[in-house]
Amino acid sequence: EISTNGAMFGGQKLVLCVCRDITEQRKAAEALRESEEKYHSLIEHGNDGIIFIQDGKVLYFNSKMLEMGGYAAEEIAGKPFLDFVAPEHKEKVAGIYRKRVAGEKTPGKYELTLLAKDGSKVYTEVSASLFTYKGKLSDMAIIRDITERKQAEEALRESEEKYQSVFDNSKDAILLTIPEGTILAANPAATRMFGRSEEEIC
């Protein structure tokens, strides 16, 4: 880095040049820039939504967060985070947030239902922690969309309920066995047919 100034020396007008070695400073600045680019790329291109909350309001969010809810950036920025939480989870989230800010122990991971712009529900798994931003406590949450998993679990539950209903209400005797022939379960029609309890049959 060179700075110049006019100077008089021995009655002559001279240009005074001061040279400063800023190699280390430039290397540090370049390392910082590369680090910030990696950090930004990690946040923007990750599979999870990332959101910063300060004083209960959305301070920052990545593009995955917008994609998850179908919102435009201006519809989220600066708004209360609770505006995007399903009614049945608002109290739970507010309580966890208050406890975390107060320094109390809170779950490191929990499930939360968010509301998409179209009114549909987005089932998520949240990992949150505190950090300081501009001198104020803020909450950083990593939000994973588990909607497909929850839908699969619900479909399985409904399927099991239907199966159980058929098993319990069939007029025909139904026995569940392993290949070797050992009986694992018997429905009510089977207990009536054999005049024995399920415990005696199995």
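Biologist: In this predicted model, is Ala173 buried, partly exposed or exposed?

Modeller: Ala173 has a relative accessible area of 31%. Buried residues lie under 20% and exposed residues over 50%. Because the value for Ala173 falls in between, Ala173 is classed as partly exposed.

Biologist: Where in the chain is Ala173 found, and which residues is it in contact with beyond its neighbours within four places in sequence?

Modeller: Ala173 is found in the loop between helix H4, residues 147-169, and strand E8, residues 175-177. Its C-alpha atom is separated by 8.4 Å from that of Arg192, although the two residues are 19 residues apart along the chain. Leaving aside neighbours within four places in sequence, the residues in contact with Ala173 are Asn187, Ala189, Ala190 and Met193.

Biologist: Is Ser170 buried or exposed?

Modeller: Ser170 is placed in the loop between H4 and E8. Its relative accessibility is 18%, and the limit for a buried residue is under 20%. Ser170 therefore counts as buried.

Biologist: Which backbone nitrogen does the side chain of Ser170 reach?

Modeller: Apart from neighbours within four places in sequence, Ser170 is in contact with Asn187 and Ala189. The side chain of Ser170 also reaches a backbone nitrogen at 3.1 Å. That nitrogen belongs to Asp172.

Biologist: Is Lys27 buried or exposed?

Modeller: Lys27 has its place in helix H1, which covers residues 23-45. The relative accessible area of Lys27 is 52%, and the class of exposed residues begins over 50%. Lys27 is therefore exposed.

Biologist: What distance separates the C-alpha atoms of Lys27 and Gly119?

Modeller: Gly119 belongs to the hairpin of E5 and E6, where it takes a positive phi near 95°. Along the chain, Lys27 and Gly119 are 92 residues apart. Their C-alpha atoms are separated by 50 Å.

Biologist: How many bridges join strand E5 to strand E6?

Modeller: Strand E5 comprises residues 109-115 and strand E6 residues 121-133, and the two run antiparallel. Glu111 stands opposite Glu125 in E6. The hairpin has 5 residues between the strands. The number of bridges joining E5 to E6 is 7.

Biologist: Which residues have the most contacts inside the largest nonpolar core?

Modeller: This core has 24 residues. Strands E3, E4, E5, E6 and E7 and helices H2 and H3 each supply at least two of its residues. Leu112 touches, among others, Phe81, Val85 and Val93. The residues with the most contacts inside the core are Ile51, Phe81, Leu112, Leu114 and Ile143.

Terms used
Residues numbered from 1 in each chain as written. Predicted model: local features only at pLDDT ≥ 70, side-chain atom pairs only at ≥ 80, totals over all residues. Heavy atoms only, no water. Pairing = 2+ DSSP bridges. Core = buried A, V, L, I, M, F, W, Y, C linked by side-chain atoms within 4.5 Å. Buried < 20%, exposed > 50% of the residue type's maximum accessible area, 1.4 Å probe, protein only. Contact = heavy atoms within 4.5 Å. Polar contact = N/O pair within 3.5 Å; in protein donor to acceptor, adjacent residues only side chain to side chain.
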